[in-house]
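Welcome! Please keep the structure open while you read, and look up each residue as it comes along.

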Amino acid sequence: MLIIVLLIGSVSYGQVMQWSNPVKLKGAAIFSKVIGENTDGIYLLRYRNRFYSKNVILERYNHRLAFEFNETIDLNNARLVKIVLTQKGILLIQSKYNKENQSNQLSGQYYNFDFKPIGESKILAETTVKVYGDRGNYRIRVSDDQQNLSLLYTQKSTNNEFILFHKLFRVNSLEETGYRNYLFPINYNDFIIKDFLVNNKGEVSFLIKRLTRQKRKISSSSYSLYTLRDSTLNDYVLSDTTVFKSTKLFYDRQADKAKVLAFYGYENALGIDGMALFYKPDTSAVLNEIKSAFSPKFIEEANVKDRANGSISEGFEMVKVVPRSDGGFICVAEQKEIATEDDVILVNGIAQSTSKNIYNFNELLVLNYNASGAMDWHRVIKKNQTTINDGGYYSSAVVYVGSKFLQIIYNDQLRSSGEVVKYTIYNNGTIESAKLLKNELDYVAVIPIEAKQVSSNKVIIPTSKNRRFALLKIIYD
């Protein structure tokens with residue numbers, strides 16, 4: 001069934017929505033994640049828990065979302081670390097405990113688009129086991145052009161210092177093209193890798209957080225951007241005087257480089273007071289910094305009335321950063337928090353303790369900055385998503401990035417059988433809101449965490465439609 005929706009206003013665009021047939025999921029693999037789309041079809045991963053252990057299921061749909069076939073992949077007590085849709089096939093990377101030498105082995109196996117193995121699996125790395133059940137702290141990133149695969153993992157030295165290992169591979173052949181390891185003279189527990197990425201030239205960027213402790217308590221922290229190219233590792237301190245409340249390492253496709261965006265505040269004070277952008281210019285060995293404080297008017301509109309006085313809530317975290325072609329950027333941030341409530345109840349006169357996790361996903365901020373660091377415009381989207389003991393599975397929002405607008409899609413008022421709402425924010429700041437789906441006949445809830453923008457004009461979203469699984473594909477003009 002095709003539904004065509006046209007928005008009429010100062011700016012108009014068209015979008016087409018396609019649905020798969022609703023199905024009732026059977027077995028333990030009830031969670032679904034969109035892998036991607038190519039000329040052969042649309043690919044999904046089904047799994048039973050967030051650890052991606054035991055068995056996973058690969059599924060293929062045609063471009064009209066009709067189910068074609070699936071295949072169960074037996075992980076043999078391994079843990080799925082990464083799955084990537086490439087031009088060659090589907091690459092599954094898993095970590096498994098090797099009983100013979102008591103180590104963790106990371107291996108990669110290609111499957112064709114009919115889910116049949118291509119050749120033999122290849123061991124990519126091997127590390128010692130730290131504790132029982134450990135499957136390694138492997139992290140993997142693939143470059144934007146899908147030519148480079150970057151592998152990062154860490155170990156403790158005999159002196160409890162931090163050792164960083166990095167390997168670089170060609171994606172299609174899994175041929176190793178680079179290997180380095182570095183010893184940092186700092187306690188292993190005081191060195192945190194927040195994120196990393198690899199660009200099309202094979203240069204790797206790491207966002208690092210260092211902790212300073214006094215009497216076993218964290219007294220301060222600092223951030224650094226490390227860049228690794230060939231055998232040269234450079235360290236750029238972001239700032240040793242600014243307190244960062246939230247950070248995001250993102251990729252600027254036009255510049256083919258990593259940049260860091262950070263919300264900052266003041267030491268021993270609550271709240272976020274401004275935004276800072278960091279990146280390394282090609283012609284300079286010094287890190288460039290653009291810092292911009294929030295205006296009082298913006299703080300008044302964005303404040304969620306918590307304990308932050310004269311600043312916005314610390315609960316805001318960056319969801320997505322979209323670089324502009326002129327050197328500016330658009331940032332989408334979300335205010336969220338997790339609270340735990342403990343209670344004691346009497347059962348047959350015997351006291352028993354209970355606990356529940358409450359997930360709150362609240363306001364969204366859309367912030368548009370120009371290349372000089374000034375805020376061109378901002379928009380505040382007020383939503384209120386509160387759920388209990390579900391991990392926030394149906395909360396947050398899907399963010400679609402187009403050439404002329406962003407679209408934000410989320411479930412409104414989940415507990416009261418709400419509706420799916422969409423906000424469209426154009427490049428000039430114009431904003432429109434409407435119901436994406438009406439629930440007079442069907443109850444639909446989108447699953448933002450499992451959705452994926454598969455091309456410049458398409459996003460695919462797993463949904464719960466009348467308590468059955470269904471895929472929704474939105475195609476934009």
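Before we start, one term: two strands count as paired if DSSP finds at least two bridges between them. Keep in mind that this model is predicted. With that term in hand, here is an example: Gln155 has Ile163 in β12 as its bridge partner. The tour covers sheets, hairpins and nonpolar cores.

**The sheet from β10 to β13**

- Strands β10, β11, β12 and β13 make up an open sheet of four strands, in the order β10-β11-β12-β13, and the pairing is antiparallel.
- β10 (139-142) and β13 (176-187) are the edge strands with a single partner strand each, so one side of each has no neighbour in the sheet.
- From one strand to the next, the twist averages 15°.
- Inside this sheet, strand β11 (residues 148-156) and strand β12 (residues 161-170) run antiparallel and are joined by nine bridges.
- As background, strands of a sheet pair through backbone hydrogen bonds, and this can be parallel or antiparallel.

**The sheet from β18 to β21**

- Another open sheet holds four strands in the order β18-β19-β20-β21, and its pairing is antiparallel.
- Its edge strands are β18 (243-252) and β21 (288-293), each of which pairs on one side only.
- Neighbouring strands here are turned by 20° against each other on average, direction ignored.
- β18 and β19 run antiparallel, with nine bridges joining them.
- Find Ser246 in your view: its bridge partner in β19 is Phe263.

- Why is strand β7 (residues 90-98) described as largely enclosed by the rest of the structure? Seven of its nine residues are buried, so the rest of the structure largely encloses β7.
- With strand β6 (residues 67-85), β7 pairs in the antiparallel sense over six bridges, and Val84 stands opposite Leu91 in β7.
- The hairpin formed by β6 and β7 has four residues between the strands.
- β7 also runs antiparallel to strand β8 (residues 103-111), joined to it by nine bridges, and Ile93 stands opposite Gly108 in β8.
- The hairpin of β7 and β8 has four residues between its strands as well, and Gln102 in the turn has a positive phi of about 50°.

**Strand β27, covered on both faces**

- In a regular strand, the side chains alternate between the two faces of the sheet.
- Which residues of strand β27 (residues 398-401) lie on each side? Val398 and Tyr400 are on one side, Val399 and Val401 are on the other, and all of these are buried.
- β27 pairs with strand β28 (residues 405-411) in the antiparallel sense over four bridges.
- A hairpin of three residues joins β27 to β28, and Val398 stands opposite Ile409 in β28.

**The nonpolar cores**

- The largest nonpolar core has 22 residues, and those touching the most other members are Leu261, Phe263, Met275, Phe294 and Ile312.
- At least two residues of this core come from each of β19 (257-265), β20 (274-279), α1 (296-302), β22 (316-323), β23 (329-347) and β24 (350-369).
- Apart from this core lies another one, of 18 residues, including Tyr400, Ile409, Val459 and Ile474.
- Leaving aside residues up to four places away in sequence, Phe294 touches Phe263, Ile272, Asp273, Gly274, Met275, Ile299, Ile312, Tyr369 and Met375.

Note on methods:
Residues numbered from 1 in each chain as written. Predicted model: local features only at pLDDT ≥ 70, side-chain atom pairs only at ≥ 80, totals over all residues. Heavy atoms only, no water. Core = buried A, V, L, I, M, F, W, Y, C linked by side-chain atoms within 4.5 Å. Buried < 20%, exposed > 50% of the residue type's maximum accessible area, 1.4 Å probe, protein only. Contact = heavy atoms within 4.5 Å. Axes fitted to C-alpha atoms, helices over the stretch in contact; angles between N-to-C directions.
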